[in-house]
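Me: I have a structure to look at, and I would like to understand the words used to describe it. Could we go through them with care?

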Amino acid sequence: MLIKQNIQHNIFKAAILLGFIYFFVLMLRITLLYIPYNSMANFLAIKQTEVEARPEYLTIFHTHVYTSIFVLIAGFVALFFNKSLKTLHRLSGRIYVILTLLFSSTSGIYMGFFANGGIFSKISFIILGILWFYTTYKAYQEIRNRNIQAHQHWMWRSYALCFSAVTLRLWKVILVYLFHPNPMDVYQIIAWLGWIPNILLVEYLIKRKKKLNYEN
């Protein structure tokens, strides 16, 4: 029975790893569209009002794009190897926290003020950026206080918000394929769908884990 459980666990972990690799490659391809530095590349082609009116916009945008790809992989490594490779876990965790707090979340908050889709999209992305910063800081604070379980739970929350970069694009594909909505309507919907289901799922998993620990 124990052998069967170990096999199932390894298959599950392999599926998670392969799934992450697939989505990471997709995100990497998007990132590479902005190399070399180009003010008209991809998404920026529809943001020329901001590019021309705000000298800082391009720098902050590229800061967000370039650091977020490293944050995405560093967070996954920190969570995936939290027990098996402790040195790798700590190194990737430090990279994740430093890049998120100093660059990725703060630039994301700034970008939120200029999000497509009107005020509802802007509110969502600003809230997302603030929550991403807060949950990451809490994870850092808890590990400094050696509260391992609390640190783990806050990291789950932080990475759920980080992973919205992937999930909002998945939702966009699904919505466009099924309903063919107006592009601005899509932005308003995925702005919230990108992160709220993620955080709700994590809260459920945290609550479930606490219940199992209590019963045991």
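This is a predicted model: local features need pLDDT of at least 70, side-chain atom pairs count only at pLDDT 80 or more; totals for chains, interfaces and linings use all residues.

Reply: The place of Tyr66 is in helix α3, residues 57-80.

Me: Why does Tyr66 count as partly exposed?

Reply: The relative accessibility of Tyr66 is 26%, and since buried means under 20% and exposed means over 50%, with partly exposed in between, Tyr66 therefore counts as partly exposed.

Me: What makes the approach of the Tyr66 side chain to the backbone oxygen of Tyr34 a polar contact?

Reply: A polar atom of the Tyr66 side chain lies 2.6 Å from the backbone oxygen of Tyr34, and the cut-off for such a pair is within 3.5 Å.

Me: Why is Glu142 called buried?

Reply: Glu142, which is found in helix α5 (residues 119-144), has a relative accessible area of 12%, and because buried means under 20%, Glu142 is called buried. Not counting residues up to four places away in sequence, Glu142 touches Asn147, Ala150, His151 and Trp154.

Me: How do you know that α6 is roughly antiparallel to α9?

Reply: The axes of α6 (residues 148-162) and α9 (residues 196-215) come within 8 Å and cross at roughly 160°; because angles over 145 degrees count as roughly antiparallel, α6 is roughly antiparallel to α9. Their crossing is right-handed, and the contact of α6 with α9 has seven nonpolar, five polar and four charged residues.

Methods. Residues are numbered from 1 along each chain as its sequence is written. Side-chain values use heavy atoms; hydrogens and water are left out. Axes are lines fitted to C-alpha atoms, for helices over the stretch in contact, and angles run from 0 to 180 degrees between N-to-C directions. Helices (H or I, at least four residues) and strands (E, at least two) are DSSP runs, numbered from the N terminus. Angles under 35 degrees count as roughly parallel, over 145 as roughly antiparallel, 65 to 115 as roughly perpendicular and the rest as oblique. A crossing is left-handed if the near helix is turned anticlockwise from the far one by less than a right angle, and right-handed if clockwise. Ala, Val, Leu, Ile, Met, Phe, Trp, Tyr, Cys and Pro count as nonpolar, Asp, Glu, Lys and Arg as charged, and the others, Gly among them, as polar. Buried means under 20% relative accessible area, exposed over 50%, partly exposed in between (1.4 Å probe, protein chains only). Contact means heavy atoms within 4.5 Å. A polar contact is a pair of N or O atoms within 3.5 Å; within protein, one must be able to donate a hydrogen and the other to accept it, and residues adjacent in sequence count only if both atoms are side-chain atoms.
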